[in-house]
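Grab a pencil and open the viewer.

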Amino acid sequence: MTAATPLAVIPGALVEDVLRDAHAEALRIVEEVYVQSVGNRLVNPESLFLRPDAEARERVIALPAYVPEPTPAMGIKWISSFPENLSLGLPRASAAIVLNDVATGFPVALLEGARISGLRTALSALVGANALTAGARRAAKVAILGSGYIAANTVSAFLADGWTWDRAVVFDLATERAEAFAGRFAGRAGLGVAHSAEEALTDADLVLLTTTAITPHIDSLDLLAPHATVLHMSLRDLTADALAGAEHFVDDVSHALRERTSLALAVEAGTVERAAIRAVGEVLIGDCRRTPDRRAVYAPFGLGSLDIALASLVLDRARDLPEALIVEDFSGTAAQ
């Protein structure tokens with residue numbers, strides 16, 4: 001008798017509840033994926049970008065992946081970024097993640113993916129910051145450019161991990177969004193609002209970039225502290241000249257040099273040598289370390305393997321909860 005293939009549908013509210021209680025395990029998974037990446041143990045094809053209008057910021061990205069450890073998982077994330085959604089009162093990003101059975105290939109889960117994607121991006125920033133500061137979890141001044149969902153998730157992840165700072169400021173082209181962002185963390189992070197990018201960046205030793213810019217707009221890092229760590233979580237904030245002279249770390253070199261990212265443009269312009277770019281997994285396993293008195297720029301492109309590994313974690317914790325919807329024979333394979 002042929003067994004039916006059930007499919008679990010995990011809605012956003014349940015994804016959020018599960019992730020809220022899984023910070024430590026999720027952080028460990030992100031670190032493990034980066035270590036697997038430098039060991040060439042992942043199957044992580046290049047992301048596919050769909051742009052309805054090549055000149056616009058709107059895009060949808062497909063990120064397939066297979067992760068062998070600790071629990072084999074495979075699937076795909078399909079995530080859209082429509083910045084104009086913000087003017088409609090909607091989130092910029094929306095996503096779905098499909099997980100497949102590793103033995104049969106049948107789909108076994110459909111999960112709301114924007115929350116998983118947001119957490120994996122935040123934890124990616126956290127892993128990079130911890131690795132590049134030798135686990136200090138301490139900054140004198142934090143500068144945040146961009147005040148959207150990713151920035152909020154990242155600040156929350158840093159606070160959950162025990163990071164502290166003397167001063168933190170946020171800048172956004174929309175001042176009201178920066179003010180709302182600062183208010184969200186009132187009493188927890190001591191955030192102030194900067195009135196220009198230059199004001200925010202001056203003397204900062206930890207910088208978080210999470211804008212939707214499509215054209216590089218930061219021409220220099222000279223305003224930063226000499227030993228600053230820059231978490232470049234967006235695609236294109238830094239010019240080729242700004243990246244000159246810094247040390248560069250990514251999640252995966254070949255992925256990070258696609259889609260005309262800031263780092264790709266700098267390599268093309270000759271201000272950064274490709275051979276000098278290192279993967280954060282190399283830092284995690286002790287194969288390399290940053291130079292303490294030089295600025296370091298960490299620019300992960302985003303590995304689909306992170307989304308698939310975290311989605312597998314969510315599915316394991318959520319599938320038996322009453323909020324999960326189970327479609328017993330989604331594929332229509334039950335014996336007649």
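The exercises below use a predicted model, and they look at a set of strands and then at one aspartate.

**Exercise 1.** Work out how strand 5 is paired with strand 4 and with strand 6, and find what stands opposite Ile97.

*Solution.* 
- Step 1: Start with strand 4 (residues 73–81) and strand 5 (residues 93–100). They run antiparallel, joined by eight bridges.
- Step 2: Now go to strand 6 (residues 107–112). Strand 5 and strand 6 also run antiparallel, with five bridges joining them.
- Step 3: Zoom in on Ile97 in strand 5. Ile97 is the bridge partner of Lys77, and in strand 6 Ile97 stands opposite Leu111.
- Step 4: Finish at the hairpin of strand 5 and strand 6. Six residues sit between the strands, and Gly105 takes a positive phi near 85° there.

**Exercise 2.** Locate Asp161, decide whether it is buried or exposed, and list its side-chain polar contacts.

*Solution.* 
- Step 1: Find the spot. Asp161 lies in the loop between helix 4 (149–160) and strand 8 (164–171).
- Step 2: Check the accessibility. The relative accessible area of Asp161 is 15%, and buried means under 20%, so Asp161 counts as buried.
- Step 3: See what surrounds the residue. Leaving out residues up to four places away in sequence, Asp161 touches His23, Leu27, Leu126, Asn130 and Arg137.
- Step 4: Pick out the polar contacts. The Asp161 side chain makes one with the side chain of Asn130 at 3.0 Å and one with the side chain of Arg137 at 2.8 Å.

Key. Residues numbered from 1 in each chain as written. Predicted model: local features only at pLDDT ≥ 70, side-chain atom pairs only at ≥ 80, totals over all residues. Heavy atoms only, no water. Pairing = 2+ DSSP bridges. Helix = DSSP H or I, 4+ residues; strand = E, 2+ residues; numbered from the N terminus. Buried < 20%, exposed > 50% of the residue type's maximum accessible area, 1.4 Å probe, protein only. Polar contact = N/O pair within 3.5 Å; in protein donor to acceptor, adjacent residues only side chain to side chain. Contact = heavy atoms within 4.5 Å.
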